[in-house]
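Me: I would like to learn how to read a protein model, beginning with the overall layout and then turning to a pair of helices. Could you guide me through it?

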Amino acid sequence: MREYKQEINITPELQARIDELMSRYPADKKKSAMLPVLHALQDAHEDWLSVDLMNKAAEILDVQPIEVYEVVTFYTMFNQRPKGKYMLEFCRTSCCAIRKGEDLLEYTCKRLGVKEGEVTQDGMFSVVGVECLGACGFGPMLQLGDYYHEHLTEEKIDTLLEDCKQGKVKLH
Ligand code: FES
């Protein structure tokens, strides 16, 4: 498996944020701060966590690196490789799958000229498949930033990609 490299930069602001998050938990239970600390580290590092950064998290949380890897590989909101500015997260669980969600994921990859998980050369897009996002009655669907795009069709995807290119799509 390819290992992606990332420059780790724990700025004083980030350290202060981590200290504040960890102060919410008992000093002998640092592991309890794992999720918020990982989010803080990811937010400060272009929205992804390399192995080196996960190892740094383990050091901060005083746990074994494997305990961090287990969490990061379980939750799809943690990214283990660089991502595009617009990361299209297609639900690939049953309700969306039977409504051709996976075909739309493949369609999008072809349109962008990438494989699942890759980033387009211009750094704009990446496409990933994720488990159920809780909008099963509105599939096929995808998440882009904080928003859901539902009842997808190829035409809707074409429009969405075009809107992203024109900077018309809100992420947060
Ligand atoms: S199966 Fe797709 S949102 Fe639940």
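This is a predicted model: local features need pLDDT of at least 70, side-chain atom pairs count only at pLDDT 80 or more; totals for chains, interfaces and linings use all residues.

Reply: Residues are numbered from 1 along each chain as its sequence is written, and side-chain values use heavy atoms, with hydrogens and water left out.

Me: How many helices and strands does the protein have?

Reply: Helices (H or I, at least four residues) and strands (E, at least two) are DSSP runs numbered from the N terminus. The protein has seven helices and four strands, and from the N terminus on they follow the order α-α-α-α-β-α-α-β-β-β-α.

Me: How is the angle between H3 and H4 to be read?

Reply: Two packed helices are described by the angle between their axes and the distance between the axes. Here the axes of H3 (residues 51-61) and H4 (residues 65-74) come within 8 Å and cross at roughly 120 degrees. H3 is therefore oblique to H4, given that angles (from 0 to 180 degrees between N-to-C directions, with axes fitted to C-alpha atoms over the stretch in contact) count as roughly parallel under 35 degrees, roughly antiparallel over 145, roughly perpendicular from 65 to 115, and oblique for the rest.

Me: Which residues of H3 and H4 meet?

Reply: In contact (heavy atoms within 4.5 Å) are Val51, Met54, Asn55, Ala57 and Ala58 of H3 with Pro65, Val68, Tyr69 and Val72 of H4.
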